Amino acid sequence: MAAAPNDLANWWMPFTDNRYFKANPRLLVAAQDMHYTSADGRRILDGTAGLWCVNAGHGREPIVRAIQQQAATLDFAPTFQMGHPLAFQLAARVAGLMPEGLDRVFFTNSGSESVDTALKIALAYWRAKGQGQRTRLIGRERGYHGVGFGGISVGGIVTNRRAFGPGLPGTDHLPHTHDLARNAFSKGQPAHGADLADRLEAIIALHGADTIAAVIVEPLAGSTGVLVPPLGYLERLRAITSAHGILLIFDEVISGFGRLGAATAAERFGVTPDIICLAKGLTNAAVPMGAVAAARHVHDAIVNAPGDAPGIELFHGYTYSAHALACAAGIAAIDLYASDALFERARALEGHWEAALHALKGLPHVIDIRNFGLVAGIELAPRAGAPGARAMDLFRAMFDAGLLIRVTGDIIALSPPLIITADQIDQLVTQLAAGLRQLA
Ligand SMILES: Cc1ncc(COP(=O)(O)O)c(C=O)c1O
């Protein structure tokens, strides 16, 4: 086990209150299955699968072994004008999990890169089809699509945008679907809000469909507090984009790989986009990796464009696209999801998860509980004049009490590894209830 460092100054930490943290550090030194171990030797129940990514639980032996063996066999192979077998194998495995037809897979190293890759593919697609004027990209308020310039431009989180200039030109945003007045304490998909998809018609009327390349949404918005799509909403978005020939991109960086009790949200909701962004659970987070799965027609328009001279079709890629260690981890993770039937397990646990969490209704400050798959959001009333402070207090108290939760604003987001047991769900909810009762 690694010794705790005695100087915390050099590492400029991501999305962290650096000054507070370095005065009050929280250090993790090991992890196995459902638990982290902290530097002071405490076991901490992982209520968040790390950062929505360790879907098969921590330190799983087949993944560890695959990475170790791969590091000793082929550590790195360039993938520009060259290949290695595992990359093709993993692409086939990913394609096998995608909805029918989304079987062309481009590898990246993170969710942010997957989003920027998907947006660039959408632009390149229209150019290849002779409609290069289609450059507008439509996102959604409260959308999180990572931290690249493309992702923050279509994303809808003000704190992630305002320090960084105007972003991409020609973006616009759908309204978010969060509606406490009508949908609070919904179990599963909320009843109200399908009509919010119709706002896309107004955006199309304003800009002209022939200027719009793509619409990108998280089918279930995770990072801004678990916003479950209202019944019928995604279907309407698909119908409108199809009617106007606009590409639909699902950002499934969180919702992919079993989180919603199926390989993808597209499968679970029965709505097929043209492009899917993936990362996180792809390798069970053991090695960084992302991917973009594109429909055949999108891929073929770019790669088999008629009349093009042979040559590189898409001037895009990363040194570490399809990194050998990531491919080994990805194949092992997908094998494990199948052998342990983890997507099915998530689906089977959903009822217990829902009932256990909704039992928190009535506890102090709780103004909403929402859930789908093995995800839940619990919204707290903000403390007057200090938004986010109440949930942050809870996060810190829970960590000290041995439970890892995630908070965003005043919303608690829960997304445990899919190996969680019913007893561990009960334990998680009991600990959370105790924390909520003690909260000022
Ligand atoms: C929906 C979504 N897209 C993109 C990202 C960015 O992924 P990464 O942090 O790997 O760049 C995230 C991360 O949480 C996400 O939830």
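Student: What is the strand order in the open sheet of four strands?
Tutor: In this predicted model, the order is E11-E12-E15-E14, and the pairing is antiparallel.

Student: Which strands stand at the edges of that sheet?
Tutor: Strand E11 (366–372) and strand E14 (406–408) do. Each has a single partner strand, so one side of each is left without a neighbour in the sheet.

Student: By how much are neighbouring strands turned against each other?
Tutor: The average is 20°, with direction ignored.

Student: How many bridges join E11 to E12?
Tutor: Six bridges link E11 to strand E12 (residues 375–380), and the two strands run antiparallel. As one example, Phe372 has Val375 in E12 as its bridge partner.

Student: Which helix lies across E12, E14 and E15?
Tutor: That is helix H15 (residues 389–401). Its direction is at about 170° to E14.

Student: Let us turn to helix packing. At what angle do H14 and H16 pack?
Tutor: Helix H14 (residues 342–358) and helix H16 (residues 422–438) pack at about 20°, and their axes are 10 Å apart. An angle under 35 degrees counts as roughly parallel, which means that H14 is roughly parallel to H16.

Student: Is the crossing of H14 and H16 left-handed or right-handed?
Tutor: The crossing is right-handed.

Student: Which residues make the contact?
Tutor: From H14 there are Leu349, His352, Trp353, Ala356 and Leu357. From H16 there are Ala422, Ile425, Asp426 and Val429. By class, this contact of H14 with H16 has seven nonpolar, one polar and one charged residues.

Student: Now strands E2 and E3. In what sense do they pair?
Tutor: Strand E2 (residues 35–38) and strand E3 (residues 43–46) are antiparallel, with three bridges between them. Within this pair, Tyr36 stands opposite Ile44 in E3.

Student: How many residues lie between E2 and E3 in the hairpin?
Tutor: There are four residues between them. In the turn, Gly41 has a positive phi of about 85°.

Student: Which other strand is E3 joined to, and is that parallel or antiparallel?
Tutor: Strand E13 (residues 403–404) is joined to E3 by two bridges, and the two run parallel. Here Asp46 is opposite Leu404 in E13.

Student: Finally, the ligand. How many residues surround it?
Tutor: The ligand is surrounded by 14 residues, and the closest are Ser110, Gly111, Ser112, Gly146 and Val253.

Student: Which element gives the largest share of that shell?
Tutor: Helix H5 (residues 111–128) does, with three residues.

Student: How does the shell divide by class?
Tutor: The shell around the ligand has five nonpolar, seven polar and two charged residues.

Definitions and conventions: Residues are numbered from 1 along each chain as its sequence is written. This is a predicted model: local features need pLDDT of at least 70, side-chain atom pairs count only at pLDDT 80 or more; totals for chains, interfaces and linings use all residues. A residue is near a molecule or strand if its C-beta atom, placed from the backbone, lies within 6 Å of it. Ala, Val, Leu, Ile, Met, Phe, Trp, Tyr, Cys and Pro count as nonpolar, Asp, Glu, Lys and Arg as charged, and the others, Gly among them, as polar. Two strands pair if DSSP finds at least two bridges between them. Axes are lines fitted to C-alpha atoms, for helices over the stretch in contact, and angles run from 0 to 180 degrees between N-to-C directions. Angles under 35 degrees count as roughly parallel, over 145 as roughly antiparallel, 65 to 115 as roughly perpendicular and the rest as oblique. A crossing is left-handed if the near helix is turned anticlockwise from the far one by less than a right angle, and right-handed if clockwise. Two residues are in contact if their C-beta atoms, placed from the backbone, lie within 7 Å.
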